[in-house]
Amino acid sequence: MTIDKNFDPAAIEAKWYSHWEDTGAFRPERGDAEPYTIVNPPPNVTGSLHIGHALDNTLQDILIRHARLQGKDALWVVGTDHAGIATQMVVERKLNEQQDKRTNYSREDFIAKVWEWKEESGGQITKQLRRLGCSMDWENERFTMDEGFSKAVIKVFVDLHKEGLIYRDKRLVNWDPGLKTAISDLEVETKEINGKFWHFSYPLEDGSGAISVATTRPETMLADMAVAVHPDDERYADMVGKNVKLPITGRLVPIITDEHADPELGSGAVKITPGHDFNDFDVGKRAGFVPAEMLNMLDAEGRVVQTSDGLIPEEFIGLYRFGKEGEKTNARKKVVEMIEAAGLLENIEDRVIQTPFGDRSNEVIEPWLTDQWYVDAETLAKPAIDAVRNGDIDVVPKTWEKTYFNWMENIQPWCVSRQLWWGHRIPAWYGPKIEDGYTQKAASTVTDFVPEVFVAANEEEAIRVATDAYRKKGGLLEEQFVRVVQSQDEMFAESQPAIWQDNDVLDTWFSSALWPFGTIGWPEQTKELERHYPNDVLISGFDILFFWDARMAMQGLHFMKEVPWKTLYLHGLVRAADGSKMSKSKGNTVDPLGLIDKYGADALRFFMAAMESQGRDIKMDEKRVEGYRNFATKLWNAARFAQSNGISASKTLAAPKAELAVNRWIIGETQATLDKLNKAFEELRFDGMADIVYHFAWDQFCDWYLELIKPAYVDGEQQDMDGESQLVAGWVLDQILVMLHPFMPFITEELWHEMGTRSYDIIHAKWPAPRANVDTDASAEIEWLIKLISGVRSAKNELGIPPGTKMNAFARETSDATTARLKNQSAAIARIARLENVSLDDAPDGGSIQLVVDEATFVLPLEGVIDLDAEHARITKAIEALSKEVAGLEGRLGNANFVERAKPEAVEKARSDHAEKAAEVEKLQAALARLG
RNA sequence: GGGCGUAUAGCUCAGCGGUAGAGCACUACAUUGACAUUGUAGGGGUCGCAAGUUCAAUCCUUGCUACGCCCA
């Protein structure tokens, strides 16, 4: 086996990934080992891998591979999210392309079509995650709508309902007229748009005058129910209690007082539309209107409908609330025109308006009065707040705690019903109120019909529960049973006791909140559940802290009585090179698969790790990805070099015994690197991890160690490497491969096998634990050698002497230790520093380079080649730089305050630094004097 | 309006109570030798501004400025 001259990532990536997957390498049987668990944020089944996924999943894979190398029973749960709205939109769009539409199908048929789409085109992202090298447990891949998980979702709904933590309520919701569904507060994005502020004059009923109101939404005046003024506003004191006769509708509405009216804004009086404005809803409730009485004037698509008092003129019915692209009708415009025609339009101001938009549809959200299901988030949030406060959940970086607390402490009821077909259908059935009589046929009452609600895990149980309930209330005969129909209309059409299921589905996030336990068996009490809950860490972007993380904390604590994960690690966004947010519409996205094609998955992964410093977004920098591709190439070539020098796979896990200083040194460096790396893992400092391995592999191992042990050429032929160095180099290379494996799984697996026959793949190797000591003598010797070599190289470079020039050296004032080192390292000195002979005799007269290394001065004569002036300048420059440092240290040491009050270590260090540098200055000055 | 974050070399970013580092870029030199996806050497920073604390501040505190994000 010989390593190819060229490193081609593509050639090895597919090979090793399928090997791992085929051999079950991602989930080895380790039932007795300490468990380690991460659940992957389930990507949308419609999704494809974007750069954010690449970051998120790389970080997780690093931790999972590391845990696996540590011998833990590492489980990385993977699956996809059914993504209610997103998926339904995709399939509807496909139908539209064929001049077809969802409503041409029954609910069942449409859902069947979505499943069909999912089987054919969904889950593309799972293939792409494989290309990134993610070592997930594919054998147990989950889907938020698979049978087991759905069971968990239904159970959670039923149980929360039983506990009173889920309830149905009529109140204003954020209604998306584009998608025709309610959405939660989190799915609303407030944006500033340029709008207008219309000032209308509302005449008083008694003809005694008028009151001026201003609004940004004139069309809603059709459903006005009051005019409010501030209780302290003297201007309107005598009007309070009177009625206004609204223009257009002629509705009589009272002038009321409410703190909400801001005396400073406009005239100080505001129109109140409780059915279409969140503030007005509250004002309306305070004024004594119950939600069921509040006037609604819009349908699900935002078109005007008749209010229950029938006062909206016929010409308005069916008009869209305001004009926008594609909507020819415009209730807003018509209202303003009619007000103006009536002479009641006072003026129009330009104004920037905070406007709510649906995050998926980008439609202006309409506050709409409907019955929806709500989760009592406040109650569920409390334990989740405590868990972070008392450290059961460790938030990394800590700065996010404040954001978490702030949101959780002000949490609002969570609207979880969605008017969609794709998703978990709400397990609630409705039936007639017993006191209304279930055989009631009065069609006119159907609209306002308030049903009996039966929440049950399935239809059978719902029938049972409903039957029991009706019998108990005496509405059913003993032999009668409730049956299930499709809708309330069907029930009213027939004179039979019947129930029908809620048509809505649950918010996608309601189900994904159960991911940490629903994927590992719950509600069954499985062994997996016991072993892998709580999960060890959750890695997520901060953008889903509220959507997902916080809700997992709430549901996990409620149903499992334990936190879902011990650590919550939040990372930032990957931004475009210019710092802007990547988005498809801006066209500035970077395709991670393209980067993998170009530089290899290992390079992209290493980039993600290296750039991930806590609490900061990552700016895309393709040059750095390229740099890490170069790093992989470097490693490849180092292994090739090793192989060609008889270095092969280490036979030992422990560091080999070594006599040579260079080997003792590199073993110590390996240990030191490992210590630093382990610490970085503990602290989840991904950038630190990458930095540590990178510099050890490249600087220490390749640039110094391999150069130092490289055998010399004799008569054009390279000599054999000594056996000890072969063993040690093989061992160190193995340690590097293993340490690097979590970051660069593909190249490390390839080289692992190229270096020799192995009894296991590197994915299952043992994390290094050399327990070697740092040999301080050996380290000092090699550090000295490096200083000497660097000094010679640097001097030659500055004096313009070709680096290959061979010279001799004469050492002055050498200590015994230096004399010994010179002897020990003579081969390396000759080969790398190109000093063929280092003599302890006096140097001959004439031009020479003079180097100070510790106590000794090395004189390198080269008659006729040394430019005396240049050498003079070089030494002078060095003296100047050093003298500056010496002066600084002297200043500090001369300061009584420093000597008395600074930490003793600091004073001691200043003293020794000063002595060392002052001595060096002296030696350089002596050298300068000798130069003449 | 409230909260959070960021400001360090030309660029992208680490860092730290003892006067600064990496990668890229730049400059010079090098090549029968693992690697030009390379090597060696080098230049480049009053650490956003101001005040305070301290023997000592790029680091801690406060204020300011600029940019970004979240919530209302």
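The paragraphs below move from the RNA-facing surface to a pair of packed helices and then to a sheet with its covering helix. This is a predicted model, in which local features need pLDDT of at least 70, side-chain atom pairs count only at pLDDT 80 or more, and totals for chains, interfaces and linings use all residues. Residues are numbered from 1 along each chain as its sequence is written, chains are lettered from A and ligands numbered from 1 in the order in which they are written, and side-chain values use heavy atoms, with hydrogens and water left out.

RNA strand B is surrounded by 42 residues, of which S613, R616, T633, Y713 and R901 are the closest; a residue is near the strand if one of its heavy atoms lies within 4 Å of it. These residues divide into 19 charged, 12 polar and 11 nonpolar, where Ala, Val, Leu, Ile, Met, Phe, Trp, Tyr, Cys and Pro count as nonpolar, Asp, Glu, Lys and Arg as charged, and the others, Gly among them, as polar.

Two or more residues of the surface come from each of helix 19 (622–644), helix 21 (686–709), helix 24 (776–799) and helix 28 (896–901), with helix 19 giving the most, 10 residues. Helices here are DSSP runs of H or I with at least four residues, strands are runs of E with at least two, and both are numbered from the N terminus.

Helix 24 also packs against helix 25 (residues 816–824), at an angle of about 75° and with the axes 11 Å apart. Axes are lines fitted to C-alpha atoms, for helices over the stretch in contact, and angles run from 0 to 180 degrees between N-to-C directions. The contact (heavy atoms within 4.5 Å) joins A780, E781 and W784 of helix 24 to T818, R821, L822 and N824 of helix 25.

Elsewhere, four strands form an open sheet of mixed pairing in the order 19-18-21-20, two strands being paired if DSSP finds at least two bridges between them. Strand 19 (452–455) and strand 20 (483–485) stand at the edges with a single partner strand each, so one side of each is left without a neighbour in the sheet. Strand 18 (residues 428–431) and strand 21 (residues 498–501) pair in the antiparallel sense over two bridges, and W429 stands opposite Q501 in strand 21. Helix 11 (residues 459–472) lies across strands 18, 19, 20 and 21, running at about 135° to strand 19.
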